[in-house]
Amino acid sequence: MAHFAKVTNGIVEEVIVISNDDCENLPFPESEPIGQTFIASLGLAGTWLQTSYNGSFRNIYAGPGIMFDASLGEYGEFVAPLPVE
């Protein structure tokens, strides 16, 4: 299964799961644009970025409220927000 996070203004809003078949069974990062095209074909608007359930790419698994920083790593990274004191 391939997991994609909807990112708005650098914050993850939701995560969806699509079949690996819908990403042509390719590894990341080759799978991401194919998955994005499939998600758009479903009528789901926005910026969808692939995330790894086991954290094998983009640092950590994305979930609602997680931040995305495009300046980190080769493909950008998901990072936990800093705690509010």
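E13 is partly exposed, with a relative accessible area of 44%. Keep in mind that this is a predicted model. Now, who is the partner of E13? E13 forms a salt bridge with K6. The closest N and O atoms of that pair are 3.9 Å apart. The cut-off for a salt bridge is 4 Å, so this pair counts.

How many salt bridges are there in the whole structure? A search finds 2. The other pair to look at is E32 with R58. Here the closest N and O atoms are 2.5 Å apart. Where do these two residues sit? E32 lies in helix 1. R58 lies in the loop between strand 3 (47–51) and strand 4 (67–69).

Are E32 and R58 buried or exposed? E32 is buried, at a relative accessible area of 11%. R58 is buried too, at 7%. The cut-off for buried is under 20%, so both values qualify.

Next, I39. This residue is in helix 1, which runs over residues 31–41. Its relative accessible area is 0%, so I39 is buried. What does I39 touch? Leave aside the neighbours within four places in sequence. Then I39 is in contact with F4, I16, I18, L44 and W48. Take I16 from that list. I16 and I39 are 23 residues apart in sequence. In space, their C-alpha atoms are 9.4 Å apart.

To recap: E13 pairs with K6, E32 pairs with R58, and I39 is buried in helix 1.

Definitions and conventions
Residues numbered from 1 in each chain as written. Predicted model: local features only at pLDDT ≥ 70, side-chain atom pairs only at ≥ 80, totals over all residues. Heavy atoms only, no water. Helix = DSSP H or I, 4+ residues; strand = E, 2+ residues; numbered from the N terminus. Buried < 20%, exposed > 50% of the residue type's maximum accessible area, 1.4 Å probe, protein only. Contact = heavy atoms within 4.5 Å. Salt bridge = Lys/Arg side-chain N within 4 Å of Asp/Glu carboxyl O.
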